[in-house]
4 protein chains.
Amino acid sequence: MALTSEQRAEIDAQRTAPQLTSRPTVPAMEELLYTPFEVLDHGFVRVVDYMGDDGAVVQAARVSYGRGTRKVSEDAGLIRYLMRHRHSTPFEMCEIKFHVKLPVFVARQWIRHRMASVNEYSARYSILDREFYLPALDQVSAQSSSNRQGRSDALDEDAARQVLHLLHRDATQCYDDYETMLDPEGMGLARELARMNLTLNTYTQWYWKVDLHNLMHFLALRADAHAQYEIRVYAEKMIEILKAWVPATAAAFEEYRLGAFTFSAGMLKVLRRRLAGEDVGQENSGLTKREWIEMNAMLDAPHPHG
Amino acid sequence: MALTSEQRAEIDAQRTAPQLTSRPTVPAMEELLYTPFEVLDHGFVRVVDYMGDDGAVVQAARVSYGRGTRKVSEDAGLIRYLMRHRHSTPFEMCEIKFHVKLPVFVARQWIRHRMASVNEYSARYSILDREFYLPALDQVSAQSSSNRQGRSDALDEDAARQVLHLLHRDATQCYDDYETMLDPEGMGLARELARMNLTLNTYTQWYWKVDLHNLMHFLALRADAHAQYEIRVYAEKMIEILKAWVPATAAAFEEYRLGAFTFSAGMLKVLRRRLAGEDVGQENSGLTKREWIEMNAMLDAPHPHG
Amino acid sequence: MALTSEQRAEIDAQRTAPQLTSRPTVPAMEELLYTPFEVLDHGFVRVVDYMGDDGAVVQAARVSYGRGTRKVSEDAGLIRYLMRHRHSTPFEMCEIKFHVKLPVFVARQWIRHRMASVNEYSARYSILDREFYLPALDQVSAQSSSNRQGRSDALDEDAARQVLHLLHRDATQCYDDYETMLDPEGMGLARELARMNLTLNTYTQWYWKVDLHNLMHFLALRADAHAQYEIRVYAEKMIEILKAWVPATAAAFEEYRLGAFTFSAGMLKVLRRRLAGEDVGQENSGLTKREWIEMNAMLDAPHPHG
Amino acid sequence: MALTSEQRAEIDAQRTAPQLTSRPTVPAMEELLYTPFEVLDHGFVRVVDYMGDDGAVVQAARVSYGRGTRKVSEDAGLIRYLMRHRHSTPFEMCEIKFHVKLPVFVARQWIRHRMASVNEYSARYSILDREFYLPALDQVSAQSSSNRQGRSDALDEDAARQVLHLLHRDATQCYDDYETMLDPEGMGLARELARMNLTLNTYTQWYWKVDLHNLMHFLALRADAHAQYEIRVYAEKMIEILKAWVPATAAAFEEYRLGAFTFSAGMLKVLRRRLAGEDVGQENSGLTKREWIEMNAMLDAPHPHG
C-alpha cells in the first residue's frame, strides 16, 4: 500500500471544516481534496487546492474576445474553439496544486517542466523515509532494440526476480548506511552530505502548482505512449482528476490533443494523393521509413487515445 | 465615478451563491470578491478569485523544510524567516486573479511583468468604450529636472487646464473618428485597423493572474516612490488587498521589502566607520554623490514606508 | 522609406571591426548584421547579435541523447527528428537578438510572447519621434463579416483615402499637441504624462532577444494567415532571417510546423472512413461545419505554406 | 583529475578554427572557450558560447532610456546605476552557455533555477559513466546543530574515513549492479530502469544556457555562504568567468549584490538610534535574536565578500 497510516493521518490533519465561499467551486473536486490516489508502490498524487473551473476559462475568453462572443451561446463550444485554435491564455486562468510522492528519478523528469511552482521535501533539512520504488514484476522490462529510450517486453521471471533482488539489496544497503552516517550518536554526518548515498529510486515528495494550460502540456507529453511508464502512471491519474475538475476542457483536450495527430507537409501531400485514388507506397511517398510507419499507424488503426 | 452602472451590473451578474468548500478560505477576501476598488478616473481593480492563504505558505514551507520546522511553532515567525532569507518558493503556492481596468499606457508598463497570466480585452474583436484617462488637476505635473524619468510639481492651474483641454480634445476627436471609421453603414473599417487611431490614455481591461511571490515583486516595484503615479495608485490598492488576503505575509513584506534598504559594500564600509565614531563626509566616503544622498536619506529620516 | 538617414548613421556607428572568434559563426548572418530590413512604412527589423547555429542544436541534442545518437550520422536528419517529436530543448540552445521598430499597437501584440527579453524605448525618459504608421492603400480593409477578428477586402479607394486622411490628421494633431505640452519653454509637461496623448500607430522600438525555440513559436503564430497583417510582415521577414541563420532548422520548421496540420480525433475518424472508400459528408462526419471546412481546405487544396 | 583524457579529446574535437565576426567579442572569453575548469573530484564547468559583453548591456540600456543617457558618458557608471536600481532588463541582453559536469544531487539543486535552458545527458538513452563524487577528507563534516540545513566542522579523521569508505563501497556496488542489470548478454534490463539503482553522487552533465541577469541571480544565491559547499564551488568558478566576460558588470555585482546587505525596517530604526548616539541592545531593539546577530555580524566585521 502506498501510504503509511502515519502519512494518512498527516493528510487528514490538514482537512478543515467546510466553509462558505463565493469563488467558483467544483463539487466533484471537493470530493477529491485530501484523497490521495495511490501510484506505483509507495507513491501518490492528491489535490491540495484548485482555483477556477470550466466557467473561469469561458469568462476569461469573453474578456479577451469581448461582447461578441456572447453569440457563442454554449460554453463547451467556446472551449472547443479555444483548444482547437490553441488560444491558450484563457486556460492559464485556472490553477491547481498537487501533493505528489514520487521516486527521485521520476522527479528529475517532472521538474523539467519549468512553468510550475514546486516545494520539494529537502534532504538538507530532513531525513528521507526508508521508501524506494521497486517495479512490479511485469514492469521489469528489457531494453528496446528499436527505440533507444524505451523498454520492450518484460524479462522472463527469473531474470526479473534477479533484478528486483539487486534493486532491493542495493537500496536497502544504501539506506542502512545513510542512517549509520547520520546517527548523531555515531558519525553524525551532515544530512546534506549523507543523502548522496541514496539511490535514485528513493521516494521524495513535493507540492506542485501549475495552471491548467501548462498542466495539459505536461499531461500531453507524460501520458504519451513514449513517456516512461513510471511517470505515465502519474499523468494518467491526473487526467482523471482533470476530468473531475474541468469536464468540458478535458473533453476538448482529448479531442484536439491526446487523440489528435499532426501531419507534416509531406504527409499532407501523400494524403491528398491517396484521397485522389493514387496508390502511394513508402518508396514514392517522399517520407522516411519512420514517418511512413507513424502516419500509417495513425490512419489504419484507431488511435490509442481515440 | 469609475464604473458605469452597466459595468457594475455585469460584475454583479457573475456573483454566484456561496457554496461550501474545504479549500483554505479567507473571510476578509470573500467580502472583497465582486467589489471593484475605484482607481484613477475610470479605472478599477477587483479580486476575481484567490487560492491559498498565509497557512498555505506555511504548509509549503513545512514540506520543503520538513518535520524540523514544526519547532517554529509560530506561523508568522516562519513567514518572516522565509521573507528575510528570500526563500520565495512557498509564496508561489498562493495565487490571485484580478480584474483591472486601466489606461493603455499603464497597461504597457504593467505587462512587462512576465510571470503572470493575462487575458486582455481585444480591440480586434470588440469596440473599445469611449473612456480615457484625464489626470486630476494636481497631477498635471512638470518634467522633473533632476530625474529624467519623473515628474516634479504640479503645473500652475492655467497651464494644467490647457493640458487637460488638449488631452480631452484629442482623445475625443480620435474616438469620434474611430467610430466614424468603424461605422458599418459608413466606411466599415476593420476593428483591428481602426483601433490604431485611439490615444494611449484610452482605457482597456484585463484579467491578471499571478502568484503571491510575483505579486509582491510587482508591488515592490510599482508601489515604489519612483514608479509613475498612474500605476502606483493601482499598486497601493493592491497592497490593501494583500493585507486582507495574507496578513502575516503582508506584514513581513512591509518589514523586509517595502520598508527595507540595501546598503552596498561601499555603504557598509561607511556605516562601520561612522559607528566607530569617525566623521565621514561624501568626499572621503568612496561613494558617489547620488549614493551618498540616497544612503543618508535613509539614515537620517524615517523611511517613507517605515 | 523606413529609416531616416539619422537612424542609418546610428546603426552604422555601432558596427565594429570584425574580430576573430572560436564561437560558431554563420557567414550568412554576418552579412545581415547592421542591415535593417524595412517593414511597413517606417518600421524595420535587424539582427543585432546571434549565438549558435544548426550545429549547436545538434551538439545539445547529442548531449541529451548521448553517444548513441552518433548513429544518426546526418545532422539535418537529427534536426528533423527533434522537430517532428517536439523535442524542443535543443532549439533553446541558440539565441538571437533583434532591433525592431514597430507601431505601438503591434508592439502590444508582440509583447504577449513572454519567453523573451525586451528593452523598449521609454517615453518616460525620451521623446518619441514624429513617426506613425499609415497603412498602404490596399491594406485599408473592411471588417470581416465571417471572422470577428479579421479584415476582408480593401475598401473602395474613396473610403480608403478618407480613412487615411483621418488617421493622418489625428496622429499629426496628437503629435503636435504632444510637442506643445512638452515644450520646456511652454507648458513643460512631464514626458511620462505627455505621451498618453499619442495615438496607437506611433512607432516605438526595442531590442528583443529570444531563443530559437521560442522564436519559432512566435513565428508559427504570427506568420499565420490569421495573424494581423501588420505583425505578419515582421514575422515573414524574420523567417527569411531564420533561413539564413539555421537553414536545416528552418527547413524542418516549414515541414513540421508551418506546412503541417493537426487532425483532431474526430477528423482522424473521418479520414479513416474516407480512405476505406466511404463517402463522408459533413452531416454524418461528427464534425462541426467549421471543422469540416478547415479539414477539407487542407485536404483538397495545397497548403498555403506547402 | 576531473577529466579523463577521453573527455578532453571530445571537447577538443569541438574546437573550430577561429573565424571573423562582427559580433561583440571578448578576447578574455575566447581564451576560455573549450577550457574546462575542474570542480570537485570529477566535475568541471566550461564556457561553450557567449553572446554580448558589457557594451551590450549599455547599448540596451540606451535604447530604453533613450538619447538622454548619452550624458552618462562612462559605461561603467551606467552599469553601476542599473545594478543599484535593479533595472535588470539590460542584463538580460547577454547570454552564456556552459557545459557542466556535476553530481546528481547538485544538479537537483541547480535545476530549481527555472529561467535557464538545459540539455542533460539522458540515462534513458545512454549509459552513465562510472564516476561518483566523494568529498575531500576535510569536507566530510558534521551536521550543524545551529543551522538545520548546514554542516559544521569536519569529522575527526577516523569517522571521515569511515564515511568515505561507506560512500565508496555503496556507489561502487550500485554501479556494478547497474552494469550487471544492463548487460545485453545477461539480464538486458532497460536503461531507463537500471539507472534507478545509481546513487545520488553519480556524475551527470549538461549544457546550461542562461542570460546574464539570471546568471547573477543564480550566483548570488549559490555563491552565498549558506549554499551547500558542493554547488558553491561551481558558483565560485563561474564568478571568475563572469569577471572575464563582463568586468564592469561583475564589479557592480560585487558592490551591489555580493557585498551588500539589506536592512529591514526594524534594523533601519536601530541603525538610526545608534547613529544618534543611543546605546541599543538586542532586548530593546525590537529585533529577534537572530536578526540582531545577523545585523551586527554585518556591521562589526568586514563582509566575507567585501
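Which residues of helix 4 (residues 75–84) of chain D are buried? They are D:Leu78, D:Ile79, D:Leu82, D:Met83 and D:Arg84, where buried means under 20% relative accessible area, exposed over 50% and partly exposed in between (1.4 Å probe, protein chains only). Helices (H or I, at least four residues) and strands (E, at least two) are DSSP runs, numbered from the N terminus. The model is predicted: local features need pLDDT of at least 70, side-chain atom pairs count only at pLDDT 80 or more, and totals for chains, interfaces and linings use all residues. Residues are numbered from 1 along each chain as its sequence is written, chains are lettered from A and ligands numbered from 1 in the order in which they are written, and side-chain values use heavy atoms, with hydrogens and water left out.

The buried residues of helix 4 of chain D pack against helix 3 (54–65), helix 8 (212–222) and helix 10 (247–258) of chain D, and also against helix 12 (289–300) of chain B. Just after helix 4 of chain D comes D:Arg86, with a positive phi of about 50°.

Chain D also meets chain A. Contact, meaning heavy atoms within 4.5 Å, links 58 residues of chain D with 58 residues of chain A. The two chains bury about 5,400 Å² between them, 52% of it on carbon and sulfur atoms; buried area is the accessible area (1.4 Å probe) that two parts lose on being put together, summed over both. D:Arg124, D:Gln149 and D:Met196 supply 14% of the area that chain D buries against chain A, more than any other three residues. Six salt bridges cross this interface, each a side-chain nitrogen of Lys or Arg within 4 Å of a carboxyl oxygen of Asp or Glu. One of them joins A:Arg169 to D:Asp177, with the closest N and O atoms 2.7 Å apart. Helix 6 of chain D gives the most to the side of chain D that touches chain A, with twelve residues.

The interface of chain A and chain B takes 55 residues from chain A and 54 residues from chain B. The area buried there is about 5,000 Å², of which carbon and sulfur atoms give 47%. A:Arg23, A:Met51 and A:Asn119 supply 16% of the area that chain A buries against chain B, more than any other three residues. Four salt bridges are counted between these chains, and A:Arg23 forms a salt bridge with B:Glu30 (3.4 Å, N to O). On the side of chain A that touches chain B, the largest share, six residues, comes from helix 3 of chain A.

Chain A also carries annotated positions. The UniProt annotation "binding site" (unreviewed entry) covers nine-part listing members including A:Thr89, A:Arg112, A:Glu120 and A:His213; such annotations may be inferred rather than shown by experiment, feature names are shortened, and positions are given in the numbering used here. A:Glu120 is found in strand 5 (residues 117–120) of chain A and counts as buried because its relative accessibility is 13%. Beyond its neighbours within four places in sequence, A:Glu120 is in contact with A:Thr204, A:Gln205, A:Trp206, B:Val63, B:Ser64 and D:Arg108. A:His213 lies in helix 8 (residues 212–222) of chain A and, at 25% relative accessibility, counts as partly exposed. Leaving aside its neighbours within four places in sequence, A:His213 is in contact with A:Ser88, A:Phe91 and A:Glu92.
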